Amino acid sequence: MKHVIEIDSDAIDFIKQQGSAVTVRLSPRHGCCGGLANLAVAEAQSPNATQHYQHHVQENISIYIAPELAHQGLRISVEGWWKFRHLYVDGTVIQSK
């Protein structure tokens, strides 16, 4: 079965250290002269309102993913070091308005 989203091994370890849950959603980014783009982001936590997300279990991790981002060929990776490590989504879907 195809995964809902690809997660690299370093990101899997990071998510498990943070509680074994990840939320993948669109985050609005506003431009300096107007305009809006939504970028895909990943956070190592469960969402507050789970009813707005699809829930999948992959690699023993609970994945809460916005329906429009599931099965889009995206990949979660981790970057940074020590307390500054964070997740990012590659192959990002950008939706502008």
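View 1. In S5, Tyr64 is the bridge partner of Thr23. Four bridges join S2 to S5, and the two strands run parallel. Two strands count as paired if DSSP finds at least two bridges between them. Strands are DSSP runs of E with at least two residues, helices are runs of H or I with at least four residues, and both are numbered from the N terminus. The model is predicted: local features need pLDDT of at least 70, side-chain atom pairs count only at pLDDT 80 or more, and totals for chains, interfaces and linings use all residues. Residues are numbered from 1 along each chain as its sequence is written, and side-chain values use heavy atoms, with hydrogens and water left out.

**View 2. Strands S2 and S3 form a hairpin.** Eight bridges join S2 to S3, and these strands run antiparallel. Within this pairing, Leu26 stands opposite Ala40 in S3. Five residues lie between the two strands, and Gly34 in the turn has a positive phi of about 100 degrees. In a regular strand the side chains alternate between the two faces of the sheet.

**View 3. Glu43 and Arg25 form a salt bridge.** A salt bridge is a side-chain nitrogen of Lys or Arg within 4 Å of a carboxyl oxygen of Asp or Glu. How far apart are the closest N and O atoms of Glu43 and Arg25? The distance is 2.9 Å. The pair links distant parts of the chain: Glu43 is in strand S3 (residues 36–43) and Arg25 is in strand S2 (residues 21–30), 18 residues apart. Glu43 is partly exposed at 25% relative accessibility, and Arg25 is partly exposed at 24%. Here buried means under 20% relative accessible area, exposed means over 50%, and partly exposed lies in between (1.4 Å probe, protein chains only). Side chains of opposite charge can pair when their charged atoms come close.

View 4. The structure holds two salt bridges.

**View 5. Strand S6 pairs with S1 and with S7.** Two bridges join strand S1 (residues 6–7) to S6, and these strands run parallel. Which residue of S6 is the bridge partner of Glu6? The partner is Arg75. Five bridges join S6 to S7, which run antiparallel. The hairpin of S6 and S7 has six residues between the strands, and Gly80 there takes a positive phi near 95 degrees.

**View 6. Trp81, Trp82 and Phe84 make a nonpolar surface patch.** The area of this patch is about 460 Å². Patches are made of residues with over 30% relative accessible area and no salt bridge; like charges are joined within 9 Å, and nonpolar side chains (Val, Leu, Ile, Met, Phe, Trp, Tyr) within 5 Å. Accessible areas come from the Shrake-Rupley method with a 1.4 Å probe, and for residues only the protein chains shown count as cover. Trp82 is found in the loop between strand S6 (75–79) and strand S7 (86–90). Is Trp82 buried or exposed? At 58% relative accessibility, Trp82 counts as exposed.

**View 7. His71 and Trp82 each have a positive phi.** Phi of His71 is near 55 degrees, and phi of Trp82 is near 50 degrees. Neither residue is glycine. Most residues other than glycine have a negative phi. His71 is found in the loop between strand S5 (61–65) and S6, and counts as partly exposed at 39% relative accessibility.

**View 8. Cys32 and Cys33 are not joined by a disulfide.** A disulfide is a pair of cysteine sulfur atoms within 2.5 Å. By this rule the count is zero disulfides. For Cys32, the nearest cysteine sulfur is that of Cys33, 3.5 Å away. Cys32 is exposed at 81% relative accessibility, and Cys33 is exposed with a relative accessible area of 75%.
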